[in-house]
Amino acid sequence: METATHLKAKALHGHLDTKIEQLERKNHHNRELITDLKKQKLKIKDKLQDLAKKQALVDKEQQLDLFIKEG
């Protein structure tokens with residue numbers, strides 16, 4: 001299950017990806033802006049990976065709890 005934070009981060013990641021592609025397609029001369037956007041996108045990607053790992057741990061704990069209760 002994706003949380004609101006996860007969905008918001010995915011949407012922002014996609015938006016930044018689109019913006020970077022548009023700037024690069026236009027051969028934009030402000031490389032500093034493109035580099036900054038890429039850094040932001042990478043931070044969001046890292047956050048998404050962390051959220052996914054945390055969710056996987058929660059899912060495993062819930063499965064273990066169910067197994068213990070059934071047993």
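Analyst: Let's start with His-6. Setting aside neighbours within four places in sequence, His-6 is in contact with Leu-48 and Leu-51, where contact means heavy atoms within 4.5 Å. By the way, this is a predicted model: local features need pLDDT of at least 70 and side-chain atom pairs count only at pLDDT 80 or more, while totals for chains, interfaces and linings use all residues. Residues are numbered from 1 along each chain as its sequence is written, and side-chain values use heavy atoms, leaving out hydrogens and water.

User: Why is His-6 called buried?

Analyst: Buried means under 20% relative accessible area, exposed means over 50%, and partly exposed is in between (1.4 Å probe, protein chains only). His-6 has a relative accessible area of 12%, so it counts as buried.

User: And what makes Lys-19 and Asp-36 partly exposed?

Analyst: Lys-19 comes out at 36% relative accessibility, so it's partly exposed. Asp-36, at 38%, therefore gets that label too. Lys-19 sits in helix α1 and Asp-36 in helix α2; helices here are DSSP runs (H or I, at least four residues), numbered from the N terminus.

User: How do you know that α1 is roughly antiparallel to α2?

Analyst: The two helices pack at an angle of about 155°, with their axes 9 Å apart. Axes are lines fitted to C-alpha atoms over the stretch in contact, and angles run from 0 to 180 degrees between N-to-C directions. Under 35 degrees counts as roughly parallel, over 145 as roughly antiparallel, 65 to 115 as roughly perpendicular and the rest as oblique. So α1 is roughly antiparallel to α2.

User: What sorts of residues make up the contact of α1 with α2?

Analyst: They divide into 11 nonpolar, four polar and nine charged. Ala, Val, Leu, Ile, Met, Phe, Trp, Tyr, Cys and Pro count as nonpolar, Asp, Glu, Lys and Arg as charged, and the others, Gly among them, as polar.

User: Which residues make up the largest nonpolar core?

Analyst: Eight residues: Ala-9, Leu-16, Ile-20, Leu-23, Ile-34, Leu-37, Ile-44 and Leu-48. A nonpolar core is a set of buried Ala, Val, Leu, Ile, Met, Phe, Trp, Tyr and Cys residues joined through side-chain atoms within 4.5 Å.

User: What does Ile-20 touch?

Analyst: Beyond its neighbours within four places in sequence, Ile-20 is in contact with Ile-34, Leu-37, Lys-38 and Lys-41.
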